[in-house]
Amino acid sequence: MRHPPSAMHHPQSTIRLQHRLLVLVLCVATSIVAVEPSRGTSLQEKIEKEKQTLQRLKQEIRKTKKQRDQARKKQSQVLQSIERLDRQLHKERREASSINREIRQIDRELDTINTQLTGLRADMNDKQAVIGIRLKRLYMEGRAGWVSPLVAATSYSQFQRRLLYLASLATWERDLFEAYRNQVAQSEQLHAKQAKIRESLVTQKGRIDNKLSVIRDVKSKKRVVLASLKKTTRSHEQMLHALDQAENRKETLLEKLERRSQIAAGNIKKRTTDAFRRGALLWPADGDLVGFFGRQKHPTFDTYVRKKGIEIASKEGSAIWAVSGGEVVYADWLRGYGLVVIVDHGNNYFTFYAHASKLLVKEGATVAKGAVLGETGSSGLTNRNVLYFELRKGTKPVNPLRWLAKR
(Lines give C-alpha, C1' and ligand atoms only; values in the text may rest on other atoms or scores of the structure.)
Protein backbone atom coordinates (compact mmCIF):
# COMPACT_ATOMS: atom_id res chain seq x y z
CA MET A 1 0.00 0.00 0.00
CA ARG A 2 1.50 3.34 -0.97
CA HIS A 3 1.27 6.42 1.09
CA PRO A 4 -0.76 9.49 0.22
CA PRO A 5 0.74 12.23 -1.94
CA SER A 6 1.65 15.56 -0.44
CA ALA A 7 -0.55 17.49 -2.82
CA MET A 8 -2.84 16.35 -5.61
CA HIS A 9 -5.00 18.45 -7.99
CA HIS A 10 -8.42 16.79 -8.34
CA PRO A 11 -10.49 17.70 -11.47
CA GLN A 12 -13.90 18.84 -10.28
CA SER A 13 -16.78 17.72 -12.49
CA THR A 14 -19.00 20.31 -10.81
CA ILE A 15 -16.76 23.14 -11.99
CA ARG A 16 -16.80 21.74 -15.51
CA LEU A 17 -20.58 21.62 -15.51
CA GLN A 18 -20.80 25.17 -14.21
CA HIS A 19 -18.46 26.28 -16.97
CA ARG A 20 -20.67 24.55 -19.53
CA LEU A 21 -23.70 26.27 -18.03
CA LEU A 22 -22.05 29.68 -18.33
CA VAL A 23 -21.10 29.06 -21.97
CA LEU A 24 -24.64 27.94 -22.70
CA VAL A 25 -26.12 31.08 -21.11
CA LEU A 26 -23.81 33.25 -23.23
CA CYS A 27 -24.82 31.34 -26.34
CA VAL A 28 -28.50 31.86 -25.50
CA ALA A 29 -27.96 35.58 -24.98
CA THR A 30 -26.05 35.86 -28.24
CA SER A 31 -28.70 33.99 -30.18
CA ILE A 32 -31.45 36.21 -28.70
CA VAL A 33 -29.69 39.36 -29.88
CA ALA A 34 -29.08 37.89 -33.33
CA VAL A 35 -32.66 36.76 -33.99
CA GLU A 36 -34.94 39.00 -36.09
CA PRO A 37 -38.08 40.38 -34.35
CA SER A 38 -40.26 38.91 -37.10
CA ARG A 39 -39.39 35.44 -35.91
CA GLY A 40 -40.87 35.83 -32.41
CA THR A 41 -42.52 32.43 -32.41
CA SER A 42 -39.27 30.69 -33.37
CA LEU A 43 -37.37 32.71 -30.74
CA GLN A 44 -39.83 31.72 -28.03
CA GLU A 45 -39.44 28.08 -28.93
CA LYS A 46 -35.68 28.43 -28.87
CA ILE A 47 -35.77 30.11 -25.46
CA GLU A 48 -37.95 27.32 -24.09
CA LYS A 49 -35.59 24.77 -25.52
CA GLU A 50 -32.60 26.49 -23.93
CA LYS A 51 -34.44 26.68 -20.61
CA GLN A 52 -34.98 22.95 -20.72
CA THR A 53 -31.29 22.44 -21.47
CA LEU A 54 -30.37 24.68 -18.55
CA GLN A 55 -32.70 22.73 -16.30
CA ARG A 56 -31.09 19.45 -17.36
CA LEU A 57 -27.64 20.90 -16.69
CA LYS A 58 -28.70 22.04 -13.23
CA GLN A 59 -30.05 18.57 -12.50
CA GLU A 60 -26.80 17.05 -13.73
CA ILE A 61 -24.82 19.41 -11.50
CA ARG A 62 -26.94 18.44 -8.47
CA LYS A 63 -26.59 14.76 -9.34
CA THR A 64 -22.81 15.04 -9.75
CA LYS A 65 -22.48 16.93 -6.47
CA LYS A 66 -24.58 14.31 -4.69
CA GLN A 67 -22.48 11.51 -6.14
CA ARG A 68 -19.29 13.30 -5.10
CA ASP A 69 -20.60 13.78 -1.54
CA GLN A 70 -21.67 10.14 -1.37
CA ALA A 71 -18.26 9.00 -2.63
CA ARG A 72 -16.47 11.09 -0.01
CA LYS A 73 -18.79 9.78 2.68
CA LYS A 74 -18.03 6.21 1.62
CA GLN A 75 -14.30 6.99 1.65
CA SER A 76 -14.59 8.33 5.18
CA GLN A 77 -16.58 5.27 6.24
CA VAL A 78 -13.94 2.98 4.74
CA LEU A 79 -11.17 4.77 6.65
CA GLN A 80 -13.21 4.43 9.85
CA SER A 81 -13.78 0.73 9.12
CA ILE A 82 -10.04 0.18 8.64
CA GLU A 83 -9.24 1.90 11.93
CA ARG A 84 -11.96 -0.08 13.72
CA LEU A 85 -10.57 -3.35 12.34
CA ASP A 86 -7.02 -2.29 13.30
CA ARG A 87 -8.14 -1.56 16.85
CA GLN A 88 -9.93 -4.91 17.06
CA LEU A 89 -6.85 -6.67 15.69
CA HIS A 90 -4.68 -4.87 18.26
CA LYS A 91 -7.07 -5.95 21.06
CA GLU A 92 -7.12 -9.58 19.89
CA ARG A 93 -3.33 -9.66 19.66
CA ARG A 94 -3.01 -8.21 23.16
CA GLU A 95 -5.35 -10.88 24.53
CA ALA A 96 -3.48 -13.56 22.59
CA SER A 97 -0.21 -12.37 24.15
CA SER A 98 -1.83 -12.54 27.60
CA ILE A 99 -2.98 -16.13 26.95
CA ASN A 100 0.50 -17.07 25.74
CA ARG A 101 1.95 -15.67 28.97
CA GLU A 102 -0.50 -17.83 30.94
CA ILE A 103 0.49 -20.86 28.88
CA ARG A 104 4.18 -20.20 29.60
CA GLN A 105 3.36 -19.91 33.31
CA ILE A 106 1.47 -23.22 33.19
CA ASP A 107 4.43 -24.84 31.42
CA ARG A 108 6.73 -23.61 34.21
CA GLU A 109 4.37 -25.04 36.85
CA LEU A 110 4.32 -28.37 35.03
CA ASP A 111 8.11 -28.38 34.88
CA THR A 112 8.26 -27.73 38.64
CA ILE A 113 5.80 -30.55 39.37
CA ASN A 114 7.67 -32.93 37.07
CA THR A 115 10.92 -32.13 38.88
CA GLN A 116 9.24 -32.72 42.25
CA LEU A 117 7.78 -35.99 41.05
CA THR A 118 11.14 -37.16 39.70
CA GLY A 119 12.84 -36.53 43.06
CA LEU A 120 9.92 -38.01 44.96
CA ARG A 121 9.92 -41.16 42.84
CA ALA A 122 13.67 -41.65 43.42
CA ASP A 123 13.26 -41.26 47.19
CA MET A 124 10.23 -43.56 47.23
CA ASN A 125 12.12 -46.18 45.26
CA ASP A 126 14.94 -46.08 47.84
CA LYS A 127 12.49 -46.43 50.72
CA GLN A 128 10.63 -49.16 48.89
CA ALA A 129 13.86 -51.12 48.44
CA VAL A 130 14.70 -50.83 52.15
CA ILE A 131 11.16 -51.75 53.17
CA GLY A 132 11.32 -54.76 50.86
CA ILE A 133 14.52 -55.97 52.47
CA ARG A 134 13.07 -55.55 55.97
CA LEU A 135 9.86 -57.37 55.08
CA LYS A 136 11.81 -60.22 53.55
CA ARG A 137 13.97 -60.47 56.68
CA LEU A 138 10.93 -60.47 58.95
CA TYR A 139 9.28 -63.13 56.84
CA MET A 140 12.33 -65.36 57.00
CA GLU A 141 12.75 -64.93 60.78
CA GLY A 142 9.08 -65.47 61.50
CA ARG A 143 7.38 -64.30 64.68
CA ALA A 144 10.35 -65.23 66.82
CA GLY A 145 12.62 -62.93 64.93
CA TRP A 146 12.16 -60.10 67.40
CA VAL A 147 12.41 -62.33 70.48
CA SER A 148 15.55 -64.30 69.55
CA PRO A 149 18.08 -61.51 70.21
CA LEU A 150 16.56 -60.93 73.66
CA VAL A 151 16.50 -64.62 74.61
CA ALA A 152 20.11 -65.02 73.50
CA ALA A 153 21.27 -62.23 75.86
CA THR A 154 23.80 -63.50 78.49
CA SER A 155 23.31 -60.68 80.95
CA TYR A 156 20.75 -58.14 82.00
CA SER A 157 22.77 -55.25 80.65
CA GLN A 158 23.09 -56.99 77.30
CA PHE A 159 19.37 -57.63 77.38
CA GLN A 160 18.73 -53.92 78.00
CA ARG A 161 21.03 -52.89 75.16
CA ARG A 162 19.36 -55.31 72.71
CA LEU A 163 15.91 -54.20 73.82
CA LEU A 164 16.86 -50.56 73.28
CA TYR A 165 18.27 -51.42 69.85
CA LEU A 166 15.13 -53.31 68.85
CA ALA A 167 12.95 -50.40 70.05
CA SER A 168 15.03 -47.95 67.98
CA LEU A 169 14.82 -50.27 64.99
CA ALA A 170 11.05 -50.51 65.40
CA THR A 171 10.76 -46.68 65.59
CA TRP A 172 12.94 -46.29 62.48
CA GLU A 173 10.89 -48.82 60.56
CA ARG A 174 7.65 -47.16 61.65
CA ASP A 175 8.98 -43.75 60.55
CA LEU A 176 10.15 -45.27 57.28
CA PHE A 177 6.72 -46.72 56.58
CA GLU A 178 5.03 -43.44 57.60
CA ALA A 179 7.33 -41.39 55.38
CA TYR A 180 6.71 -43.74 52.47
CA ARG A 181 2.95 -43.51 53.02
CA ASN A 182 3.16 -39.69 53.09
CA GLN A 183 5.17 -39.70 49.90
CA VAL A 184 2.58 -41.88 48.20
CA ALA A 185 -0.11 -39.38 49.23
CA GLN A 186 2.06 -36.47 48.07
CA SER A 187 2.68 -38.21 44.77
CA GLU A 188 -1.06 -38.67 44.26
CA GLN A 189 -1.65 -34.99 45.02
CA LEU A 190 1.05 -33.93 42.56
CA HIS A 191 -0.40 -36.19 39.87
CA ALA A 192 -3.87 -34.72 40.47
CA LYS A 193 -2.45 -31.19 40.30
CA GLN A 194 -0.52 -32.12 37.17
CA ALA A 195 -3.70 -33.44 35.52
CA LYS A 196 -5.59 -30.25 36.47
CA ILE A 197 -2.86 -28.02 35.10
CA ARG A 198 -2.68 -30.04 31.91
CA GLU A 199 -6.43 -29.63 31.54
CA SER A 200 -5.99 -25.88 32.01
CA LEU A 201 -3.22 -25.94 29.41
CA VAL A 202 -5.52 -27.63 26.90
CA THR A 203 -8.19 -24.99 27.60
CA GLN A 204 -5.71 -22.15 27.14
CA LYS A 205 -4.39 -23.64 23.91
CA GLY A 206 -7.97 -23.84 22.71
CA ARG A 207 -8.41 -20.17 23.57
CA ILE A 208 -5.25 -19.19 21.70
CA ASP A 209 -6.39 -21.20 18.68
CA ASN A 210 -9.69 -19.29 18.74
CA LYS A 211 -7.83 -15.98 19.04
CA LEU A 212 -5.61 -16.81 16.10
CA SER A 213 -8.70 -17.70 14.10
CA VAL A 214 -10.27 -14.34 15.00
CA ILE A 215 -7.06 -12.55 14.06
CA ARG A 216 -7.03 -14.27 10.66
CA ASP A 217 -10.68 -13.33 10.18
CA VAL A 218 -10.05 -9.66 11.05
CA LYS A 219 -7.07 -9.54 8.69
CA SER A 220 -9.24 -11.01 5.94
CA LYS A 221 -11.94 -8.41 6.57
CA LYS A 222 -9.36 -5.64 6.37
CA ARG A 223 -8.11 -6.94 3.02
CA VAL A 224 -11.70 -6.85 1.74
CA VAL A 225 -12.17 -3.28 2.99
CA LEU A 226 -8.89 -2.16 1.40
CA ALA A 227 -9.94 -3.78 -1.87
CA SER A 228 -13.27 -1.95 -1.67
CA LEU A 229 -11.48 1.40 -1.65
CA LYS A 230 -10.97 1.16 -5.37
CA LYS A 231 -14.44 -0.19 -6.05
CA THR A 232 -16.36 2.43 -4.07
CA THR A 233 -14.68 5.42 -5.74
CA ARG A 234 -15.71 6.72 -9.17
CA SER A 235 -12.27 7.87 -10.23
CA HIS A 236 -8.59 7.73 -9.33
CA GLU A 237 -8.76 11.35 -8.25
CA GLN A 238 -11.47 10.62 -5.68
CA MET A 239 -9.44 7.73 -4.34
CA LEU A 240 -6.41 9.95 -3.97
CA HIS A 241 -8.61 12.44 -2.16
CA ALA A 242 -9.29 9.74 0.47
CA LEU A 243 -5.55 9.21 0.84
CA ASP A 244 -5.08 12.96 1.16
CA GLN A 245 -7.36 12.93 4.19
CA ALA A 246 -4.85 10.76 6.04
CA GLU A 247 -1.97 12.93 4.81
CA ASN A 248 -3.65 16.12 6.00
CA ARG A 249 -4.22 14.66 9.46
CA LYS A 250 -0.54 13.76 9.68
CA GLU A 251 0.61 17.22 8.56
CA THR A 252 -1.72 18.92 11.04
CA LEU A 253 -0.38 16.73 13.85
CA LEU A 254 3.27 17.44 12.96
CA GLU A 255 2.64 21.19 12.81
CA LYS A 256 0.99 21.04 16.22
CA LEU A 257 3.89 19.06 17.69
CA GLU A 258 6.44 21.47 16.23
CA ARG A 259 4.67 24.49 17.76
CA ARG A 260 4.33 22.72 21.10
CA SER A 261 8.03 21.81 21.07
CA GLN A 262 9.06 25.40 20.44
CA ILE A 263 6.73 26.78 23.11
CA ALA A 264 7.91 24.22 25.68
CA ALA A 265 11.53 25.22 25.00
CA GLY A 266 10.74 28.93 25.21
CA ASN A 267 11.45 29.23 21.48
CA ILE A 268 14.94 27.85 22.17
CA LYS A 269 15.15 24.65 20.22
CA LYS A 270 16.62 21.62 21.94
CA ARG A 271 19.99 20.49 20.72
CA THR A 272 20.31 17.13 19.10
CA THR A 273 22.88 14.60 20.17
CA ASP A 274 26.21 14.46 18.35
CA ALA A 275 25.07 11.18 16.78
CA PHE A 276 22.23 12.95 14.93
CA ARG A 277 24.03 13.67 11.72
CA ARG A 278 24.03 12.44 8.15
CA GLY A 279 25.06 8.83 7.76
CA ALA A 280 24.98 8.21 11.52
CA LEU A 281 21.32 7.34 12.19
CA LEU A 282 20.34 3.78 13.03
CA TRP A 283 17.98 2.00 10.64
CA PRO A 284 14.51 1.93 12.23
CA ALA A 285 13.85 -1.74 11.36
CA ASP A 286 15.33 -4.79 9.70
CA GLY A 287 14.07 -5.66 6.25
CA ASP A 288 14.13 -4.75 2.58
CA LEU A 289 13.62 -1.21 1.37
CA VAL A 290 10.45 -1.34 -0.76
CA GLY A 291 9.36 2.31 -0.91
CA PHE A 292 11.55 5.32 -1.69
CA PHE A 293 11.42 9.03 -0.93
CA GLY A 294 10.24 11.42 -3.64
CA ARG A 295 8.14 11.29 -6.79
CA GLN A 296 7.01 7.79 -7.68
CA LYS A 297 4.36 6.10 -9.76
CA HIS A 298 1.40 4.80 -7.80
CA PRO A 299 1.15 1.05 -8.53
CA THR A 300 -2.65 0.97 -8.45
CA PHE A 301 -3.84 4.28 -9.89
CA ASP A 302 -1.29 4.79 -12.65
CA THR A 303 -0.43 8.30 -11.50
CA TYR A 304 2.59 9.94 -9.89
CA VAL A 305 2.67 10.85 -6.21
CA ARG A 306 5.28 12.47 -3.99
CA LYS A 307 6.25 10.32 -1.02
CA LYS A 308 7.62 11.92 2.13
CA GLY A 309 9.25 8.86 3.62
CA ILE A 310 10.45 5.32 2.98
CA GLU A 311 8.93 1.87 3.50
CA ILE A 312 10.76 -1.12 4.95
CA ALA A 313 9.20 -4.56 4.48
CA SER A 314 9.64 -6.39 7.78
CA LYS A 315 8.37 -9.55 9.44
CA GLU A 316 5.37 -8.86 11.68
CA GLY A 317 6.42 -8.33 15.28
CA SER A 318 9.96 -7.21 14.43
CA ALA A 319 11.47 -4.45 16.55
CA ILE A 320 11.08 -0.77 15.64
CA TRP A 321 14.17 1.13 16.84
CA ALA A 322 14.68 4.80 17.61
CA VAL A 323 17.18 6.05 15.01
CA SER A 324 18.64 8.41 17.61
CA GLY A 325 17.97 9.62 21.15
CA GLY A 326 15.04 11.93 21.85
CA GLU A 327 11.65 12.40 23.45
CA VAL A 328 8.49 10.54 22.43
CA VAL A 329 5.97 13.28 21.61
CA TYR A 330 3.26 11.04 20.15
CA ALA A 331 2.39 7.36 20.60
CA ASP A 332 -1.15 6.55 19.54
CA TRP A 333 -3.48 5.81 16.64
CA LEU A 334 -3.49 8.08 13.58
CA ARG A 335 -6.18 7.33 11.02
CA GLY A 336 -4.66 6.08 7.79
CA TYR A 337 -1.30 5.28 9.43
CA GLY A 338 -2.41 2.93 12.23
CA LEU A 339 -0.26 2.87 15.37
CA VAL A 340 2.26 5.70 15.18
CA VAL A 341 5.27 6.92 17.17
CA ILE A 342 6.81 10.37 16.71
CA VAL A 343 10.14 11.24 18.35
CA ASP A 344 11.49 14.79 18.83
CA HIS A 345 15.30 14.68 18.54
CA GLY A 346 15.91 18.38 19.19
CA ASN A 347 17.05 21.10 16.78
CA ASN A 348 13.57 20.76 15.29
CA TYR A 349 14.24 17.23 13.95
CA PHE A 350 11.41 14.71 14.19
CA THR A 351 11.10 11.05 13.13
CA PHE A 352 7.78 9.40 12.25
CA TYR A 353 7.17 5.62 12.52
CA ALA A 354 3.87 4.14 11.24
CA HIS A 355 1.91 0.88 10.70
CA ALA A 356 3.08 -0.67 14.01
CA SER A 357 1.30 -3.68 15.49
CA LYS A 358 2.28 -2.78 19.05
CA LEU A 359 3.70 0.29 20.83
CA LEU A 360 6.14 -0.18 23.71
CA VAL A 361 6.64 3.48 24.64
CA LYS A 362 4.36 6.25 25.87
CA GLU A 363 4.21 9.95 25.17
CA GLY A 364 6.74 11.85 27.28
CA ALA A 365 9.23 9.00 27.48
CA THR A 366 12.92 9.75 26.89
CA VAL A 367 14.48 7.15 24.59
CA ALA A 368 18.08 6.38 23.68
CA LYS A 369 19.38 5.50 20.26
CA GLY A 370 18.37 1.92 19.49
CA ALA A 371 15.53 1.86 22.05
CA VAL A 372 12.66 -0.41 20.99
CA LEU A 373 9.65 1.80 20.27
CA GLY A 374 7.27 -0.96 19.20
CA GLU A 375 6.77 -3.84 16.80
CA THR A 376 6.16 -3.78 13.06
CA GLY A 377 2.78 -4.68 11.59
CA SER A 378 0.19 -3.71 9.01
CA SER A 379 -2.07 -1.21 10.76
CA GLY A 380 -3.49 1.68 8.75
CA LEU A 381 -3.85 1.94 4.97
CA THR A 382 -1.69 -1.04 4.12
CA ASN A 383 -2.25 -4.77 3.72
CA ARG A 384 1.36 -5.87 4.13
CA ASN A 385 3.85 -5.81 6.99
CA VAL A 386 5.88 -2.63 6.52
CA LEU A 387 7.34 0.16 8.58
CA TYR A 388 6.72 3.60 7.12
CA PHE A 389 9.44 6.03 8.24
CA GLU A 390 9.81 9.78 7.80
CA LEU A 391 12.50 12.24 8.86
CA ARG A 392 11.40 15.86 9.30
CA LYS A 393 13.24 19.13 9.74
CA GLY A 394 10.38 20.94 11.39
CA THR A 395 7.48 20.07 9.11
CA LYS A 396 9.68 19.75 6.02
CA PRO A 397 10.32 16.13 4.96
CA VAL A 398 13.92 15.18 4.13
CA ASN A 399 15.20 12.05 2.44
CA PRO A 400 15.95 9.53 5.27
CA LEU A 401 18.40 7.59 3.09
CA ARG A 402 20.84 10.51 3.25
CA TRP A 403 20.82 10.31 7.05
CA LEU A 404 20.65 6.58 7.77
CA ALA A 405 23.88 4.64 8.17
CA LYS A 406 25.09 2.63 5.21
CA ARG A 407 24.24 -1.04 5.34
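Mentor: A search of the whole structure finds five aromatic pairs. Here rings of Phe, Tyr and Trp (its six-membered ring) pair if their centres lie within 6.5 Å; planes under 30 degrees apart count as stacked, over 60 as edge-to-face and the rest as tilted. This is a predicted model, in which local features need pLDDT of at least 70 and side-chain atom pairs count only at pLDDT 80 or more, while totals for chains, interfaces and linings use all residues. Residues are numbered from 1 along each chain as its sequence is written, and side-chain values use heavy atoms, with hydrogens and water left out.

Trainee: How is the pair of Y349 and W403 classified?

Mentor: A pair of aromatic rings is described by the distance of the centres and the angle of the planes. For Y349 and W403 the centres are 5.3 Å apart and the planes stand at 55°, so this pair is tilted. The two residues come from distant parts of the chain, 54 residues apart: Y349 belongs to strand β8, and W403 to the segment after β12 (396–398). Helices (H or I, at least four residues) and strands (E, at least two) are DSSP runs, numbered from the N terminus.

Trainee: Are Y349 and W403 buried or exposed?

Mentor: Both Y349 and W403 are buried. Buried means under 20% relative accessible area, exposed over 50%, and partly exposed in between (1.4 Å probe, protein chains only).

Trainee: What are the parts tied together by F352 and Y388?

Mentor: F352 lies in strand β8 and Y388 in strand β11 (residues 386–393), so their pair ties together parts that are 36 residues apart in sequence. F352 and Y388 are each buried. Ring pairs also link Y337, F352 and Y388 into a cluster.

Trainee: Which charged end sits over the ring of F352?

Mentor: A charge sits over a ring if NZ of Lys or CZ of Arg is within 6 Å of the ring centre and within 35 degrees of the ring normal. Over F352 it is the charged end of K250, 5.6 Å from the ring centre. Likewise, R407 lies over the face of W283, at 3.7 Å from the ring centre.

Trainee: How many salt bridges does the structure hold?

Mentor: Side chains of opposite charge can pair when their charged atoms come close. A salt bridge is a side-chain nitrogen of Lys or Arg within 4 Å of a carboxyl oxygen of Asp or Glu. The structure holds 22 of them. In one, the side chains of R93 and E316 meet at 2.2 Å, N to O. This pair links distant parts of the chain, 223 residues apart, with R93 in helix α2 (residues 40–141) and E316 in the loop between β4 (310–313) and β5 (319–321).

Trainee: What is the relative accessibility of E316?

Mentor: E316 has 28% relative accessibility and counts as partly exposed, whereas R93 is buried at 16%.

Trainee: Where do E251 and K308 lie in the chain?

Mentor: The side chains of E251 and K308 form a salt bridge at 2.8 Å, N to O. E251 is in helix α5 (residues 236–264), and K308 is in the loop between β3 (304–307) and β4, 57 residues apart. E251 is buried, with a relative accessible area of 14%, and K308 is buried at 10%.
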